[in-house]
Amino acid sequence: MNIIYKDHNITIFQSVLFQTNSTVVETEDVVLVVDPAWLPDEVMTIKHYVDSVKGGKELFLVFTHSDYDHIIGYKAFSPDKVFMSKAMEDNPNKEVVIEQALSFDEKFYINRPYPIEYPSADFTVFRDGVQFKHGQTKMTFYLTPGHTADSMMLVIWQIGLCIAGDYLCNVEFPFIYHSSIDYEETLEKLPSIHDKNWFTRLIPGHGDPALSIDDWLHRRTESLAYIYALRESISTGIPFDETSLWERYDYPRLQHKYHLDNLKLMTREFEEGLWKWDADLSVSVLNKPDEMQGDGDA
Ligand SMILES: [Zn+2]
C-alpha cells in the first residue's frame with residue numbers, strides 16, 4: 001500500500017483500488033483514522049501503523065459517509081470513539097451497505113482477519129459547525145450531503161486540514177448519488193467553511209490531496225461547472241459535451257456509468273421542477289440572443 005503523502009501530523013495511505021484515501025492524523029492528544037479502506041492487507045497496514053504510533057493516545061475513527069468502500073475497514077480497529085453524521089447513524093440502508101461489502105469480498109475470494117460491520121457511533125454530527133475538542137486538538141464537522149445523503153467533512157484546526165470525503169477528487173467529476181441541489185449547496189458552502197476555520201490542504205476520498213487553497217478552489221470550480229453544464233444540457237436538450245469530460249478524466253470505461261447515473265438522477269430532478277432557480281437561469285440563457293440582438297438594434 002502506498003503512502004502518497006506524509007508530514008509530521010498527516011499520513012495518507014492510498015489503496016490500489018480507486019485511489020481511495022485513508023488518512024491518519026497524529027496530534028499531541030490523539031490518533032485519528034478517517035475511512036480506513038479497501039483490501040485486507042491495506043487495512044492491516046494502516047492498523048499496524050496506528051499501533052506503532054499510538055502510544056498512550058486515544059484512537060478516534062471518523063467516517064465521512066457510509067459508502068461501503070469507506071466503512072469496510074471499521075472492525076480492524078478498536079477505537080475509543082467513532083464519529084459520523086447523524087444521517088449516517090440513521091441510514092435506513094445499513095444492510096444494503098454491508099451486503100455490498102460482503103459481495104465485493106466474495107466476488108474476489110477475499111478473506112479478512114476481521115468481520116465486516118456497519119460502524120456504530122459514539123459522536124454524531126447533526127448540524128454544521130459542531131466541534132469536538134480533545135486536549136489541544138479541535139475538530140469541526142460540517143454536513144455535506146449531495147454525493148450521499150449522509151456525507152460530512154471535518155476540519156482539524158491546528159494543522160489547517162480539511163478531510164472532505166468524496167468531494168473535490170481530482171480523478172472524479174461529481175458522483176451524485178443523492179441530490180445535485182444538495183451537492184451544489186455543499187460546494188457553495190466550502191469557502192465559508194474555509195473562512196470560519198482556515199485550512200490550506202484538503203484530502204478527498206479518491207485521488208491526490210489538494211495541497212494549496214488554489215488547488216481545491218480549482219477543483220470546486222470544475223465540480224460546479226460539471227453540474228451546471230449537465231443541468232443546461234438537460235434543460236435545453238443540447239447534448240452534453242462528453243468528449244471534453246473524457247479529456248479531463250482518465251477512466252471513461254468505468255466512469256461513463258456514473259455520468260449516465262448523474263444524467264438520470266438530474267433529469268428526474270428537472271422533471272420534478274426541483275431546480276427552480278436554474279430553470280429560470282436557463283430560460284434567460286435561451287432568451288439572451290434575442291435580448292442581445294435587441295440591444296444591438298437599439
Ligand atoms: Zn468513495
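This report walks through a sheet, a helix pair and one glycine in a predicted model.

Seven strands line up in the order 1-2-3-4-5-6-7, forming an open sheet with mixed pairing. Strand 1 (2–6) and strand 7 (123–125) are at the edges with a single partner strand each, so one side of each has no neighbour in the sheet. From one strand to the next, the twist averages 20 degrees. Look at strand 7 and you'll find it running parallel to strand 6 (residues 81–85), joined to it by three bridges. Here serine 85 sits opposite valine 125 of strand 7.

Now for the helices. Helix 5 (residues 180–197) packs against helix 6 at an angle of about 155 degrees, and their axes are 10 Å apart. An angle over 145 degrees counts as roughly antiparallel, so that's what we call helix 5 relative to helix 6. Their crossing is left-handed. Here's who makes the contact:

| Helix | Residues in the contact |
|---|---|
| Helix 5 | Ser180, Tyr183, Glu184, Leu187, Leu190 |
| Helix 6 | Arg220, Ser223, Leu224, Ile227 |

Sorted by class, this contact has five nonpolar, two polar and two charged residues.

Is glycine 205 buried or exposed? It counts as buried because it has 30 C-beta neighbours inside 10 Å, and the cut-off for buried is 20 or more. Beyond its neighbours within four places in sequence, glycine 205 is in contact with residues including Thr20, Asp35, His70 and Cys169. Phenylalanine 123 is 82 residues from glycine 205 in sequence, and 21 Å away in space, C-alpha to C-alpha.

Notes: Residues are numbered from 1 along each chain as its sequence is written. This is a predicted model: local features need pLDDT of at least 70, side-chain atom pairs count only at pLDDT 80 or more; totals for chains, interfaces and linings use all residues. A residue is buried if 20 or more other C-beta atoms lie within 10 Å of its own, exposed if 12 or fewer, and partly exposed in between; C-beta atoms are placed from the backbone. Two residues are in contact if their C-beta atoms, placed from the backbone, lie within 7 Å. Two strands pair if DSSP finds at least two bridges between them. Helices (H or I, at least four residues) and strands (E, at least two) are DSSP runs, numbered from the N terminus. Axes are lines fitted to C-alpha atoms, for helices over the stretch in contact, and angles run from 0 to 180 degrees between N-to-C directions. Angles under 35 degrees count as roughly parallel, over 145 as roughly antiparallel, 65 to 115 as roughly perpendicular and the rest as oblique. A crossing is left-handed if the near helix is turned anticlockwise from the far one by less than a right angle, and right-handed if clockwise. Ala, Val, Leu, Ile, Met, Phe, Trp, Tyr, Cys and Pro count as nonpolar, Asp, Glu, Lys and Arg as charged, and the others, Gly among them, as polar.
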